[in-house]
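Hello,

Here is the structure we discussed. Please look it over, then read my notes below.

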Amino acid sequence: MIRFHHIVTRTTRSYTTRVPSPNGPSLLRRAFRVLYWLPLGIAFTHYCYTIKTVRGRSMQPTLNPDTSRWDDIVVFDRFRVHAGHPIAKGDVVSLRDPVDSRKVIVKRVVAVADDVIQTLPPYPDTEVLVPEGHIWVEGDEPFRTLDSNTFGPVRRVTHLFLFVPSL
């Protein structure tokens, strides 16, 4: 009996699989993803809400109530400022320091336009009528603060205090 041996030859195709390299497309994809979302993040923090750390003792006991080395982390609402919502007495705001424009200070609004305020030293007058478009700000700790009693009524507010997240 004659046996035929069938020899089957299979041609195998060479498939190349892409193994992501540490510096390859995945890194590039991440970079594009960041660049895609970056304008949204910048717009959100510029026009809506922003998170800041607050240092110093001028707003004790509201902010930084103890003498620990930790700073309070707070959320500020920029949307209400940009939308033109009125600032009311009792609001905590942040603004550029009129004495040193490189700094941002956090103070409480104690008087708004057309209010008469009793001042504290070192302000030269004992009473001040707050002009239209201005506010009078003071720190919660009256003897450890640089506020309107030093530089007078202020015009421009950059943020409204929203809350301190409890961690």
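A residue is called buried under 20% relative accessible area, exposed over 50% and partly exposed in between, using a 1.4 Å probe and protein chains only. By that scale Gly-90 is partly exposed, because its relative accessible area is 37%.

The model is predicted: local features need pLDDT of at least 70, side-chain atom pairs count only at pLDDT 80 or more, and totals for chains, interfaces and linings use all residues. Numbering runs from 1 along each chain as its sequence is written, and side-chain values use heavy atoms, without hydrogens and water.

Gly-90 sits in the loop between α2 (79–82) and β3 (92–96). Helices (H or I, at least four residues) and strands (E, at least two) are DSSP runs, numbered from the N terminus. Beyond its neighbours within four places in sequence, Gly-90 contacts Arg-108 and Val-109 (heavy atoms within 4.5 Å). Arg-108 is 18 residues away along the chain, with 5.9 Å between the two C-alpha atoms.

Now the largest pocket. A pocket is an open set of points on a 1 Å grid over the protein atoms alone, where a 1.4 Å probe fits, with protein on both sides within 12 Å along at least five of seven lines; lining residues have an atom within 4 Å of a point. Its volume is about 380 Å³ (the space filled by probe spheres set on the points, which are joined across faces, edges and corners). It has 19 lining residues, and Val-54, Arg-55, Val-104, Ile-105 and Val-106 are the closest to its centre. β1 (49–54) and β4 (104–111) each supply at least two lining residues. The largest share, 4 residues, comes from β4.

Best regards
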